[in-house]
Amino acid sequence: MEHSKLKQPITKDNGKTSGIHAEAKFQSDLQKEPAKNKRVNKFVLTIITIIDLFLFFGYIDDYRQGNISFGFMIAVLVSVIVSITVCYFIYFRKKDSTVFAYASVACYMVVYSIAIFGAQNDLVFMMVFPLTVIYILYYNFRLILAIAAIFGGINIADILYMAAVLGHMHSGAALNSTSLLLQGASTVVYMIVLCGTTMISNDNNAKKIAGIHAEQEKSGELLDEVLKVAASVKQNCTSAAEHMHKLSQYVNATASEISGIAEGNSSNADSIEQQTVMTGNIQSMIQATKQMSDHMLAMAKSSEKAVRDGQQTVDSLQIQAVQTKETNKQIVSTVASLISNAEAVEEITEHIFSISSQTNLLALNASIESARAGEAGRGFAVVSEEIRTLADETRSLTERIRGIVAELKSNADMAKHTVSQVITAADTEHKLIADANMQFHEIGSRMDGLHETVQDIYKKIEEILESNHAIVDSIHHISAVSEEVTASTQQAAELGADTSRKADQARELMTGLLETVKAIDRYLKEEPAQ
């Protein structure tokens, strides 16, 4: 019996269902089980059909043997046909009908009454046993009580009929008290047992059903809790699946970004490597520039020394020019006595010749120093050339003086004129030497500035070199860090891909769990039967 469908509330009294209420509840539950009534009705109809068929053909055979009259046979056959027709009509009209039990009992009662009162056999009363016992399946005590009363009354009436009316047994034998007592006692005891069995069975079943209802209530409460949990799990699974889906998308996007970062870091590493090579080249160029700066500084120092030396030479020339001027003045003062002092003039001429030679030598040295000074000494070279020219001219004049020393006496005017030229040349020489001295001072000042500039350049190059060393170290450090970042981003990309796969697996598991929870949705939609 499908007790799981019995969902009616149970009236409890200190945890136990009362017998009256349990019986009423039990009968109400049975009436609400059409499938059970249908099966019992079918079984009862089958047994009635078999019994009626036996009666139908058995009484026909008794008539053929002459044991019964034609009228009694017809009465039995008509009652059997009517009984079967009524039972089949009610059954096929509604197979789970509760009326079928009462109708079948009434029909069988008619057939049984006709059969037992007109029988020629003393054991016909036993036909009550096989049929009435199956009505226990209806678990209807009232029906069983009615069956016991009706069929017990029929048998009591039959006993009285044989004793009072017939005066003999149905078989024609003399009355036998033992047989009559056996029929009455067996029928009454059977009916009492039938009623007692039905009542006890119904009571036990009612108690069991009460227990089942109690368990059903607990199961219902538990089911309600399970359904609530399932609904919550479903909602959480749906939300978790959505979050897993979003997490998978975020992880995929993150993995893509990390892959881009890894590619960018790889490109940065290549760029840093190129920068390292370029920085090395710059460092080599700075080293070469530093060497050139060192050479330039040495040349500046050497040029400064040469300018200082040239300045000292010019100073000496200036002093010498002053001396020459003084000498020329002495010549002018003594020109009047040239004639008488030819020997003195000759000695002076020799002295002038010597001075001219020295001047020429100094001019040559000045030319050499100006050539060493390069562009800065070009002006000094011009001066030195002029000095050498003057020296040569002085040599020429001196040679001429030597030539005309013999003529001094006769050519005093010419000597005076020549001395005037010498004085003019000496003035020019003095002026040129003064200009050269000024130019050497200016060159010296510029060389000082050049020296300071070269020193500043040297310091700047050293600072650039130190900065370049720091840049090289930083680039090496950045390169190492970039390689580490590239390795880390690649590892992170792999972890991101693995996390994405695990997120997909978790989402699949959550989807499977959600599908499992959805199987419980049908319970959420069912209302408990009232």
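With which residues is Tyr 135 in contact, leaving aside its neighbours within four places in sequence? They are Val 44, Ile 48, Ala 101, Ser 104, Val 105, Leu 143, Ile 144 and Ile 147, where contact means heavy atoms within 4.5 Å. The structure is a predicted model, in which local features need pLDDT of at least 70 and side-chain atom pairs count only at pLDDT 80 or more, while totals for chains, interfaces and linings use all residues. Residues are numbered from 1 along each chain as its sequence is written, and side-chain values use heavy atoms, with hydrogens and water left out.

**Confidence**

- The mean pLDDT of the chain is 76, and 84% of its residues reach 70 or more; pLDDT is the predictor's confidence in each residue, from 0 to 100.
- Among the elements of the chain, α3 has the highest mean pLDDT (89), whereas helix α1 (residues 19-31) has the lowest (54).
- Over residues 1-19 pLDDT stays under 50, and for this stretch the model has 38 contacts beyond four places in sequence.
- Where pLDDT is low, the predicted coordinates should not be read in detail.

**Overall architecture**

- The secondary structure of the chain consists of 11 helices and 0 strands; helices (H or I, at least four residues) and strands (E, at least two) are DSSP runs, numbered from the N terminus.
- The chain has 530 residues, of which 35% count as buried; buried means under 20% relative accessible area, exposed over 50%, and partly exposed in between, with a 1.4 Å probe and protein chains only.
- Of the contacts between residues at least 6 apart in sequence, 83% join residues at least 24 apart.

**Nonpolar cores**

- The largest nonpolar core has 49 residues, and those with the most contacts inside it are Tyr 59, Tyr 112, Tyr 135 and Phe 151; such a core is a set of buried Ala, Val, Leu, Ile, Met, Phe, Trp, Tyr and Cys residues joined through side-chain atoms within 4.5 Å.
- At least two residues of this core come from each of α2 (34-65), α3 (70-93), α4 (99-117), α5 (128-132), α6 (141-166) and α7 (177-334).
- Helix α4 supplies the largest share of this core, 10 residues.
- Val 314, Ala 363, Val 383 and Phe 440 are included in a second, separate core of 11 residues.

**Helix α6**

- The end C-alpha atoms of α6 are 35 Å apart, which agrees with the 38 Å that its 26 residues should span at 1.5 Å a residue; the expected span is 1.5 Å times one less than the number of residues.
- Buried residues in α6 are Leu 143, Ile 144, Ile 147, Ala 148, Phe 151, Gly 152, Ile 154, Asn 155, Asp 158, Ile 159 and Met 162.
- An α-helix has 3.6 residues a turn, so residues three or four places apart point the same way.
- At the start of α6, a side-chain oxygen of Asn 140 reaches to within 3.2 Å of the backbone nitrogen of Arg 142.
- Gly 167 follows α6 and has a positive phi, near 80 degrees.

**Helix α8**

- Helix α8 (residues 342-373) has 32 residues and reaches 45 Å from its first C-alpha to its last, close to the 46 Å expected at 1.5 Å a residue.
- After α8 comes Gly 374, whose phi is positive, near 75 degrees.

**Buried serines**

- Ser 113 lies in helix α4 and counts as buried because its relative accessibility is 19%.
- The side chain of Ser 113 reaches the backbone oxygen of Met 109 at 2.7 Å.
- Ser 97 is found in the loop between α3 and α4 and is buried, with a relative accessible area of 11%.
- Not counting residues up to four places away in sequence, Ser 97 touches Asn 41 and Ile 90.

**Aromatic pairs**

- The count comes to 12 aromatic pairs; rings of Phe, Tyr and Trp (its six-membered ring) pair if their centres lie within 6.5 Å, and planes under 30 degrees apart count as stacked, over 60 as edge-to-face and the rest as tilted.
- Phe 56 and Phe 57 form an edge-to-face pair, at 5.2 Å centre to centre and 85 degrees between the planes.
- Phe 57 is exposed, with a relative accessible area of 54%.
- One aromatic cluster is formed by Tyr 88, Tyr 91, Phe 92 and Phe 100.

- Ala 493, in helix α10 (residues 412-518), is buried at a relative accessible area of 15%.
- Ala 493 and Thr 254 are 239 residues apart in sequence and 8.0 Å apart in space, C-alpha to C-alpha.
- Met 278, in helix α7, is exposed at a relative accessible area of 51%.
- The C-alpha atoms of Met 278 and Val 472, 194 residues apart along the chain, are separated by 9.9 Å.

Note on methods
A polar contact is a pair of N or O atoms within 3.5 Å; within protein, one must be able to donate a hydrogen and the other to accept it, and residues adjacent in sequence count only if both atoms are side-chain atoms.
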